[in-house]
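Here are some notes to read alongside the model, written for someone meeting it for the first time. Please keep the view open as you go through the points.

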Amino acid sequence: MKLLEVKNLTIDFDGKKAVDSASFYLKPGEIVGLVGESGCGKSLTAFSILGINPPNSNLSGEILYKGSNLLSLSEEEKRKIRGNKISLIPQDPLSALNPVFTIGDQISEVLETHKAVSHADAILMSKNALESVNIPNPSQKLNDYPHQFSGGMRQRVLIAMALATEPDILIADEPTTALDVTIQLQILEIMKNLKNKGKAILLITHDLGVVAEVCDRVFVMYMGKIVEEAPVNDLFTNPRHPYTIGLLNSLPDDKKAVLEPISGCPPSLESIPLGCAFHPRCKHIQERCKNEVPLLYDVKDSQEHKSRCFLENPGD
Ligand SMILES: Nc1ncnc2c1ncn2[C@@H]1O[C@H](COP(=O)(O)OP(=O)(O)O)[C@@H](O)[C@H]1O
Ligand SMILES: [Mg+2]
């Protein structure tokens, strides 16, 4: 069963496409990675699932939650789902918490907004939420302010807040980026436990190491387009798209003395190349890549594996 299905999502600013016809889906009990360099459209995609879009953006496509299109719901109906059935852990934990309210007030407010619970019950549920992400002395911590928490603890508070309403879907936007390795692993452990409880998680990251650690399936994004999708093992053992291969080659590896970063930089939205957007950086460039956009072709002899590259289908 597909819990969430994003179909042909396009988000543009004055015709400049930051997300370009992206399609992907989540099933219960799986962690799906959305991977790509900074600026490729990951956060815009995450926010659009919650029905939040920059005012100067245009959006098209479908975002189906349990089969109904979130984009055609009223603001009020969207509010009932956002932060309740679908929660987001935002990219920046510090600015997401209000410095003048205690952690307990902030978590209980989410609960009182979405659930018909008394303040006393909301506080108790907030304590349980902190406990579920392994925050020590949760009763006491409820009365603390965000600045009294370390970066790792704040990230856990945001996860607790996102989970307090028991959402079906958790969207985590770069949840481990600012954290040291030990804390990263603890956060990933929390994600795995959620998955085992049947939650669907969209894990947004630029870090393929994190993907290898926890994801079941992966979507690789470049300049707003999905360029490769695969079960996680296939992506690492048989990467097909030259961009994915480039990302994998830039991963730190004990056996490689020197990293091989992808040459060049991602272009800006103002100057997305014609044809395959990756062609100026690609080692396998052919003439047609400069003016034809490749489709997402099925990878031969592989299940649920697709690559947006003419190498996959030379005869097309
Ligand atoms: N409000 C906005 N107005 C214009 N461009 C925007 C706006 N928000 C994001 N963008 C552009 O959209 C692209 C994707 O942004 P984003 O989704 O934040 O990338 P990521 O999360 O992958 O780093 C970037 O080029 C960014 O500059
Ligand atoms: Mg982002």
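1. Let's start with a pair of helices: the axes of helix 4 (residues 103–114) and helix 5 (residues 119–132) come within 8 Å and cross at roughly 115 degrees. Axes here are lines fitted to C-alpha atoms, for helices over the stretch in contact, and angles run from 0 to 180 degrees between N-to-C directions. Helices (H or I, at least four residues) and strands (E, at least two) are DSSP runs, numbered from the N terminus. The crossing of helix 4 and helix 5 is right-handed, a term used if the near helix is turned clockwise from the far one by less than a right angle.

2. Before going on, please note that this is a predicted model, in which local features need pLDDT of at least 70 and side-chain atom pairs count only at pLDDT 80 or more, while totals for chains, interfaces and linings use all residues. Residues are numbered from 1 along each chain as its sequence is written, and chains are lettered from A and ligands numbered from 1 in the order in which they are written.

3. Which residues of helix 4 and helix 5 meet? From helix 4 come Gly104, Ile107, Ser108, Leu111 and Glu112, and from helix 5 His119, Ala122, Ile123, Met125, Ser126 and Ala129. Contact is counted if the C-beta atoms of two residues, placed from the backbone, lie within 7 Å. Six of the residues in this contact are nonpolar, four polar and one charged; Ala, Val, Leu, Ile, Met, Phe, Trp, Tyr, Cys and Pro count as nonpolar, Asp, Glu, Lys and Arg as charged, and the others, Gly among them, as polar.

4. Next, look at the open sheet of eight strands, with the order 6-7-8-3-9-10-12-11 and mixed pairing. Its edge strands, each pairing on one side only, are strand 6 (86–89) and strand 11 (297–298). Two strands pair if DSSP finds at least two bridges between them. Helix 7 (residues 151–163) packs on this sheet and touches strand 6 and strand 7, its direction making about 170 degrees with that of strand 6.

5. Within that sheet, strand 8 (residues 200–205) is largely enclosed by the rest of the structure, because six of its six residues are buried. A residue is buried if 20 or more other C-beta atoms lie within 10 Å of its own, exposed if 12 or fewer, and partly exposed in between, with C-beta atoms placed from the backbone. Ala200, Leu202 and Ile204 cover one side, and Ile201, Leu203 and Thr205 the other.

6. Strand 8 runs parallel to strand 3 (residues 31–35), joined by five bridges, and valine 35 has threonine 205 as its bridge partner. Strand 7 (residues 169–173) also pairs with strand 8 in the parallel sense over five bridges, with alanine 172 opposite leucine 203.

7. Finally, an open sheet of four strands has the order 2-1-4-5 and antiparallel pairing. Seven bridges link strand 1 (residues 4–13) with strand 2, and leucine 26 in strand 2 is the bridge partner of leucine 4.
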